[in-house]
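Work through the exercises below with the model open. Try each task before reading its solution.

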Amino acid sequence: MLIVRATKKLLRLAGPSNAQDDDRGTTSLGPWYATVLFWRPRIVLLVNEATLLPVLLPMAPTATLTSRIAEEISTVLSAHHAPETFIDQERQHMQTAQLGVTANRSVVGVMTEFARLAEIHHHDDPTVDLVELAVRLAATPCSPLYGRNVSPDRELAATLRAITT
């Protein structure tokens, strides 16, 4: 099961919280945090709690949002050259998703910074591909990662090495 810790803005649009505060899910990467970007059309920004890896996907149709998250996360993991066996395993665990409230202020802060950076890129090129933009954002240095691997793409690579060895 995938746990998505959503901001109040996103919960108002996508539905009520149905995950408990202590739920971690069954995915190897753990919970993801999410917020809505009020672009036209609206975009959902996801950030992984462990690696701070960003993922972007269209919000519409909102009724199918939780069922589309797994595929978009898989696409971004593939863009970062994650092993197919790992992606398939994660996809299996993400077949069901539950929304919960945010619990980690540090991840929310990183998500806010990614939202600002994404807005700048979107303003410069409104037709930017969401996967390409997510990969670009993943190269951004993040202060919670300074003591380890500095940026989400490097943190993901280190996490994958640790998991798959």
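## Exercise 1: Strand β2 and its neighbours

In β2, the bridge partner of Val4 is Trp32. This is a predicted model: local features need pLDDT of at least 70, side-chain atom pairs count only at pLDDT 80 or more, and totals for chains, interfaces and linings use all residues. Residues are numbered from 1 along each chain as its sequence is written, and side-chain values use heavy atoms, with hydrogens and water left out.

**Task.** Which strands are joined to β2 by bridges, and in which direction do they run?

**Solution.** 
1. Helices (H or I, at least four residues) and strands (E, at least two) are DSSP runs, numbered from the N terminus. Two strands pair if DSSP finds at least two bridges between them.
2. Take β1 (residues 2–6). Three bridges join β1 to β2, and the two run parallel. Besides the Val4 and Trp32 pair, Arg5 stands opposite Tyr33 in β2.
3. Take β3 (residues 43–48). Six bridges join β2 to β3, and these run antiparallel. Here Val36 stands opposite Val44 of β3.
4. A hairpin of five residues joins β2 to β3.
5. Five strands form an open sheet with mixed pairing, in the order β4-β3-β2-β1-β5. The edge strands are β4 and β5 (97–101), each pairing on one side only. From one strand to the next, the twist averages 30°.

## Exercise 2: Burial of β2

**Task.** Is strand β2 enclosed or open, and why?

**Solution.** 
1. Set the cut-offs. Buried means under 20% relative accessible area, exposed over 50%, and partly exposed in between (1.4 Å probe, protein chains only).
2. Sort the side chains. Trp32, Ala34 and Val36 point one way from β2, and Tyr33, Thr35 and Leu37 point the other way.
3. Count. Six of the six residues of β2 (residues 32–37) are buried, so the strand is largely enclosed by the rest of the structure.
4. Check one residue. Val36 has 5% relative accessibility and therefore counts as buried.
5. List its contacts (heavy atoms within 4.5 Å). Not counting residues up to four places away in sequence, Val36 touches Thr7, Lys9, Leu10, Leu13, Arg42, Ile43 and Met59.
6. Compare sequence and space. Val36 and Asn18 are 18 residues apart in sequence and 18 Å apart in space, C-alpha to C-alpha.

## Exercise 3: The nonpolar core

**Task.** Which residues have the most contacts inside the largest nonpolar core?

**Solution.** 
1. Define the core: a set of buried Ala, Val, Leu, Ile, Met, Phe, Trp, Tyr and Cys residues joined through side-chain atoms within 4.5 Å.
2. The largest core has 51 residues, and Leu46, Leu56, Ile73 and Leu77 have the most contacts inside it.
3. Follow Ile73. Residues up to four places away in sequence aside, Ile73 touches Leu2, Trp32, Leu46, Val55 and Met94.

## Exercise 4: Helix packing

**Task.** At what angle do the axes of α4 and α5 cross, and how close do they come?

**Solution.** 
1. Define the geometry. Axes are lines fitted to C-alpha atoms, for helices over the stretch in contact, and angles run from 0 to 180 degrees between N-to-C directions.
2. Read the values. The axes of α4 (residues 105–124) and α5 come within 11 Å and cross at roughly 130°.
3. Classify. That makes α4 oblique to α5. Angles under 35 degrees count as roughly parallel, over 145 as roughly antiparallel, 65 to 115 as roughly perpendicular and the rest as oblique.
4. Name the contact. Phe114, Leu117, Ala118 and His121 of α4 meet Leu133, Arg136 and Leu137 of α5.
5. Relate α4 to the sheet strands. α4 lies across β2, β3 and β4, running at about 40° to β2.
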